[in-house]
Amino acid sequence: MKKNNLLRAVALFPFLIWIILLIVVPVILIAYYGLTNADGVFSLDNFRQFFQPNYLRVFGRSLYLALLATVICLLVGYPIAMILAGNTFKRKTLLVVLLIAPMWMNFLLRTYAWLTLLEGNGVFNTILQSLGLPKQAFLGNVNAVVFGMVYNFLPYMIFPIYTSISKIPKNIIEAAKDLGGGNVICFFRIILPLSVPGILSGVTMVFVPGVTTFVISQFLGSGKITLIGDIIEQQFMHAGNWGFGAAISIIVMIAVVLCMWLVNRFSDDSEVIMP
Amino acid sequence: MGNHIIDLQGICKSFGDTKVLKDFNLYIRENEFITLLGPSGCGKTTILRIIGGFEQPDEGRVLYRGEDIVNVPPNKRNFNTVFQKYSLFPHMNIFENVAFGLRIQKMQESEIRKKVMHALEIVNLPGFEKRYPDSLSGGQQQRIAIARAIVCEPEVLLFDEPLGALDLKLRQGMQHELKKLREELGITFIYVTHDQEEALTMSDTIVVMSNGEIQQIGNPVDIYNEPQNRFVARFIGESNIVDGIMHEDFRVRFSEHEFTCVDGGFAKEEEVDVVIRPEDIKIVSPEDGMLRGVVKNVYFKGVHYEMVVSSGNTDWLVQSTLMEEKGKTVGLSIYPNDIHIMKKCN
């Protein structure tokens with residue numbers, strides 16, 4: 001017994017080092033910077049500074065756009081996940097490859113690619129012009145940012161949902177049909193509730209990076225759409241105000257954890273059976 | 001017994017290149033407990049799934065009270081299935097599991113409550129409404145699956161090896177309960193199993209299948225006592241199968257001895273299979289026996305002893321409540337009634 005514990009401790013050691021160096025230490029550092037002023041004295045000034053209308057507006061926009069992107073990802077991703085998990089679609093492997101292939105490419109590269117497609121003299125506008133249609137300003141607006149989020153994060157929505165749908169035993173769905181359930185009833189009373197764990201991890205994996213992204217807003221938003229990630233980046237990289245940047249990071253972290261907690265609470269309650 | 005409730009006519013079904021069913025014909029009468037019995041891969045589950053509507057036959061018709069229902073989806077058929085692996089809904093409690101079919105019928109809440117409670121009483125699990133499936137044992141889950149199926153008051157209940165995952169004791173208990181349930185409900189049961197004892201215990205009619213074809217249809221006693229061919233004799237219970245020659249009607253020769261039997265209608269000197277159940281061979285003194293042999297092995301089986309008696313080129317399996325010493329020379333005696341003559345197949 002004792003030997004076993006020792007073995008476990010030894011096996012855990014590399015992981016613990018990893019966690020401490022890459023997660024615990026940075027979080028402590030962020031907390032330190034956020035909670036001290038320029039003289040290294042404890043102060044809440046950095047936090048106080050955040051609660052101004054212009055910062056709050058940016059934060060609100062970040063949450064809203066990330067939520068919008070999450071909802072779109074869910075609406076687009078769920079049917080794809082169902083098709084992947086089903087039997088009727090014959091070219092499943094091809095679809096999976098098409099979905100995964102972009103993920104092999106660097107995130108920045110992918111976003112740059114859309115820049116060349118969408119910009120003023122980009123591919124799409126050239127096509128539009130050759131058809132005699134007016135040029136469109138695809139970039140520099142909210143739509144472009146949300147599009148960028150959906151494009152980049154969609155696979156993270158599809159695959160957890162796909163996994164949880166394909167884990168539903170086939171005979172459970174057959175049992176529902178056997179008891180008189182049509183496709184609609186089977187979906188709403190069996191497939192959807194049983195795929196909630198997949199939906200939750202999909203939502204988390206889209207919403208969290210969505211709230212904190214700054215690359216997408218800078219590239220596709222042409223710098224006109226400021227998100228909270230942009231502000232954090234500015235504070236660290238350009239303004240040199242690490243204390244304020246750290247404070248915003250902590251606030252975002254708390255907000256995200258709160259959101260996730262709410263979502264989980266909500267899903268627990270949803271286990272009460274629908275009529 | 002009543003009229004035909006289901007008629008299967010000329011059913012063919014292939015999965016890829018494998019022909020699972022070849023021109024399968026069977027009728028099922030109202031209020032019958034019919035069992036499809038056969039080794040795995042014989043097509044019995046496919047038949048059940050075709051009746052349930054989960055599988056479409058490539059050819060042939062499925063008639064329900066004379067009407068072709070091949071294109072009717074499972075949710076529109078008044079049949080309910082008890083699946084092999086319970087298949088309860090894991091996210092619903094027992095009440096909601098059982099109430100599932102009734103809610104789809106948009107029944108009144110008070111009516112649903114009454115019916116669910118009654119169904120839980122029938123399967124002997126009252127008070128389980130609030131529990132979730134994963135907190136139940138295998139036997140309890142299977143009973144809930146039965147409750148969920150009978151609560152919809154179907155005209156036909158389909159069972160796909162429902163007791164396969166249970167241990168022996170539980171299985172035997174459930175067999176008796178199912179038989180009782182059938183008598184109480186007075187509806188048609190179609191039961192699929194590979195367990196011959198289960199089939200013999202419960203059924204009114206047994207359909208023995210192999211390779212997608214019916215080998216024999218009959219009541220349990222006939223199937224056991226009068227197997228029509230070597231396959232059925234092998235599959236149902238244990239038996240001695242030896243080569244014999246029919247001299248004339250009621251006279252058969254095997255193991256270098258001529259016996260009187262009760263079968264006739266074969267050609268003169270036709271080669272036949274002779275089937276003798278191990279419990280039908282009597283051990284007598286060597287002088288009184290029709291055959292003489294040496295006891296080669298003795299196994300204790302609880303109720304009886306099983307002995308292998310070697311006589312000439314044949315090893316006879318003999319069951320008796322009395323044990324004989326290994327190595328002893330004994331006589332074997334067989335009554336004409338117990339000699340079953342079958343046409344050679346192949």
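Colleague: How much area do chain A and chain B bury between them, and what part of it is on carbon and sulfur atoms?

Modeller: In this predicted model, chain A and chain B bury about 2000 Å² between them, with 64% of that area on carbon and sulfur atoms. The contact itself brings together 18 residues of chain A and 22 residues of chain B.

Colleague: Which residues of chain A lose the most area to chain B?

Modeller: Those are A:Asp178, A:Leu179 and A:Arg189, which together account for 35% of what the chain A side buries.

Colleague: How many salt bridges does the rule find across that interface?

Modeller: The rule finds 2 salt bridges between chain A and chain B. One of them involves A:Arg189, which pairs with B:Glu96 with the closest N and O atoms 4.0 Å apart, and the cut-off for a salt bridge is 4 Å. Besides these, there are 5 residue pairs in polar contact between chain A and chain B, counting pairs with both residues at pLDDT 80 or more.

Colleague: Switching to chain B on its own, where do the domains run?

Modeller: Domain 1 of chain B covers 4–232, while domain 2 is made of two segments, 238–282 and 292–343. Their centres, taken over C-alpha atoms, are separated by 38 Å, and the contact takes 8 residues from domain 1 and 7 residues from domain 2.

Colleague: And what area do those two domains bury?

Modeller: Domain 1 and domain 2 of chain B bury about 740 Å² between them, of which 43% lies on carbon and sulfur atoms. On the domain 1 side, B:Tyr224, B:Pro227 and B:Arg230 supply 71% of the area buried against domain 2, more than any other three residues.

Colleague: Which residue forms a salt bridge with B:Arg230?

Modeller: B:Arg230 is bridged to B:Asp273, with the closest N and O atoms 2.6 Å apart.

Colleague: Which helix gives the most to the domain 1 side?

Modeller: Helix H7 of chain B, residues 220–225, gives the most to the side of domain 1 that touches domain 2, with 3 residues. The residues of that side divide into 3 nonpolar, 3 polar and 2 charged.

Note on methods. Residues numbered from 1 in each chain as written. Chains lettered and ligands numbered in written order. Predicted model: local features only at pLDDT ≥ 70, side-chain atom pairs only at ≥ 80, totals over all residues. Heavy atoms only, no water. Domains from an automatic or database assignment. Contact = heavy atoms within 4.5 Å. Buried area = accessible area lost by both parts, 1.4 Å probe. Salt bridge = Lys/Arg side-chain N within 4 Å of Asp/Glu carboxyl O. Helix = DSSP H or I, 4+ residues; strand = E, 2+ residues; numbered from the N terminus. Nonpolar A, V, L, I, M, F, W, Y, C, P; charged D, E, K, R; others polar. Polar contact = N/O pair within 3.5 Å; in protein donor to acceptor, adjacent residues only side chain to side chain.
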